[in-house]
Amino acid sequence: MSEKHEIPDDHPRVESLRVREKLIEGLNKNILAKAGLIAHGRGEAFDYILGEKTHSFATKAMEAGIVSFLLADSPVFSVNGNVAALAANEYVQLAQAVGASLEINLFYRRAERVKALKERLLNAGAKTIFGADEQYQTTIPELSHSRRIVDKRGIFQGDVIFVPLEDGNRTKALRKIGKKVITIDLNPLSRTAQWSNITIVDNLVRVLPKMIKIRKKLSNVPKEKLKALLEQYDNVQILKAALRTMKDRLEELAERGRFIEEAPGMNGSQSS
Ligand code: PTJ
């Protein structure tokens, strides 16, 4: 049974509600795992603290990410339910723009979900999708859960792997077997954020259109210059900047005592 809710254009949280509707639709179509809703809620909480906007530390990480894809021998974009439900079109577009393969890799792996994701990616314009064909399956021995199942033509042989909205310990396992890992994660404290080579602390739905623009901007930049750009990148500094921004913002809000301008103050009075 599918339920679609009307979202009034004048609702103060209209964008956020539209994103939630996409997830509910993804759940109804078997694209999203139920736990994907929980994951999203956690992301939303961090996004609130960030002021729901892109900060310079995220832009720097996006640039480093694009440069890494462009310099890679075999970049691979891993696709999970949340990514497919929220931004399949932009994800496929970005993969094509940087010459990356797409591979379905699920934590909550079920045949019907793999099929639904494949369909969604094909509708978004993907030509080849790895991770759905048993014939090419192999495993990463460092992992015990479903994410260990990878495609010989994709993640298994790839050198730079994109894993947005990732759970637990796969990033560490991928690093152990020599892969460079790039993630998007609103939580700078997550294991994935901490273990990745490049961590974009920002919302997936804001990030992908920005990365597509950055890709275009870097079109005519020579390889040597790209390499130099990457050499300056320091992920620890990026994570520190993200946490500092969150801390500063919380301090500022605590000082002001209010976040929503028109909300009543402590004494119940309306602000002007
Ligand atoms: O589709 P599957 O089966 O592969 O499962 C996917 C999920 C996301 C359910 C699975 O990987 C999972 O449980 O992930 P976690 O451990 O909840 O981690 C997801 C991370 O993504 C958390 O750190 C969230 O804060 C973050 N996150 C959630 N929504 C967004 C986000 N980061 C950026 N943009 C978002 N929109």
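**Reading the ligand site, a salt bridge and the sheet**

Mentor: An oxygen atom of the ligand is 2.6 Å from an N or O atom in the side chain of Asp-167. Such a pair is a polar contact, defined as N or O atoms within 3.5 Å. The model is predicted, so local features need pLDDT of at least 70 and side-chain atom pairs count only at pLDDT 80 or more, while totals for chains, interfaces and linings use all residues. Residues are numbered from 1 along each chain as its sequence is written, and side-chain values use heavy atoms, with hydrogens and water left out.

Trainee: With which residue does Arg-147 form a salt bridge?

Mentor: Side chains of opposite charge can pair when their charged atoms come close. The criterion is a side-chain nitrogen of Lys or Arg within 4 Å of a carboxyl oxygen of Asp or Glu. Here Arg-147 pairs with Asp-167, the closest N and O atoms being 2.6 Å apart. The two are 20 residues apart: Arg-147 is in the loop between β4 and β5, Asp-167 in the loop between β6 and α6. Helices (H or I, at least four residues) and strands (E, at least two) are DSSP runs, numbered from the N terminus.

Trainee: In what order do the six strands of the open sheet lie?

Mentor: Strands of a sheet pair through backbone hydrogen bonds, either parallel or antiparallel. Pairing requires at least two DSSP bridges between two strands. In this sheet the order is β3-β2-β1-β6-β7-β8, and the pairing is parallel. The edge strands, β3 and β8, each pair on one side only. Three bridges join β6 to β7, and Ile-161 has Val-181 as its bridge partner in β7.

Note on methods: Polar contact = N/O pair within 3.5 Å; in protein donor to acceptor, adjacent residues only side chain to side chain.
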